[in-house]
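Hello,

Here is the structure I promised to hand over. Please take a look, then read my notes below.

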Amino acid sequence: MIKAALFPGSFDPFTRGHADIVSRGLRLFDHVMIAVGYNEQKKGWIPVEERVRALREMYKEEPRVSVVQYNTLTVDFARERGIHFILRGLRTHKDYEYELGMADVNRRLNPGIETVVLFSEPDLANISSSVVRELAHFGHDIQEFLPAGLNYQI
Ligand code: ADP
């Protein structure tokens with residue numbers, strides 16, 4: 001049986017911090033499915049189709065990574081796909097309570113799905129999608145915060 005993990009998030013945009021969680025996740029799992037969550041009410045910055053397209057392009061040579069979009073509860077989506085692990089990243093104590101709460105709720109909803117949290121690389125711990133969006137808004141080049149090979153057409 002393939003051991004797969006679902007890596008859910010908004011990824012608006014996907015950063016070097018996210019890419020690091022995927023790479024390290026691949027040491028633990030045979031397959032990492034990046035699941036780009038979207039909400040019709042909160043469309044975000046980069047259109048979700050473009051978030052998915054750019055990530056598929058970036059990981060096209062890596063068959064152990066797939067990219068999907070979803071707009072349901074994460075545990076329900078994982079169950080539908082037959083995935084038993086949710087992969088998340090933790091940067092600082094600020095992420096801790098949120099991640100703990102999510103993991104707790106998800107366990108209650110589906111005890112068969114385990115959340116695996118990886119600590120961020122210290123060098124990447126200050127990179128967040130919201131800061132990158134802010135920089136882009138003010139016309140700053142954001143390429144240094146994005147993984148090599150990720151090119152959004154926006
Ligand atoms: P969400 O909207 O679900 O919080 P994000 O796209 O912001 O989604 O993040 C997805 C996951 O990646 C979360 O677990 C988040 O803590 C983690 N993450 C975000 N930035 C980093 C980073 N720089 N290093 C490690 N993990 C990160």
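**What was found**

The protein has 5 helices and 5 strands. Both are DSSP runs numbered from the N terminus: helices are H or I with at least four residues, strands are E with at least two. Along the sequence the pattern reads β-α-β-α-β-α-β-α-β-α.

A word on the source. This is a predicted model, in which local features need pLDDT of at least 70, side-chain atom pairs count only at pLDDT 80 or more, and totals for chains, interfaces and linings use all residues. Residues are numbered from 1 along each chain as its sequence is written, and side-chain values use heavy atoms, leaving out hydrogens and water.

Next, overall shape. The C-alpha trace spans about 45 × 35 × 35 Å along its principal axes. Of the 154 residues, 46% are buried (under 20% relative accessible area, 1.4 Å probe, protein chains only). Contacts are heavy atoms within 4.5 Å. Among contacts with a separation of 6 or more, 78% join residues 24 or more positions apart.

Then charge. There are 19 positive and 21 negative side chains. Lys and Arg count as positive, Asp and Glu as negative; His and the chain ends are not counted. The centres of the two sets lie 3 Å apart, with each charge placed at NZ of Lys, CZ of Arg, CG of Asp or CD of Glu.

N106 counts as buried because its relative accessibility is 8%. Leaving aside residues up to four places away in sequence, N106 touches V75 and I86.

Best wishes

How values were computed:
Buried means under 20% relative accessible area, exposed over 50%, partly exposed in between (1.4 Å probe, protein chains only).
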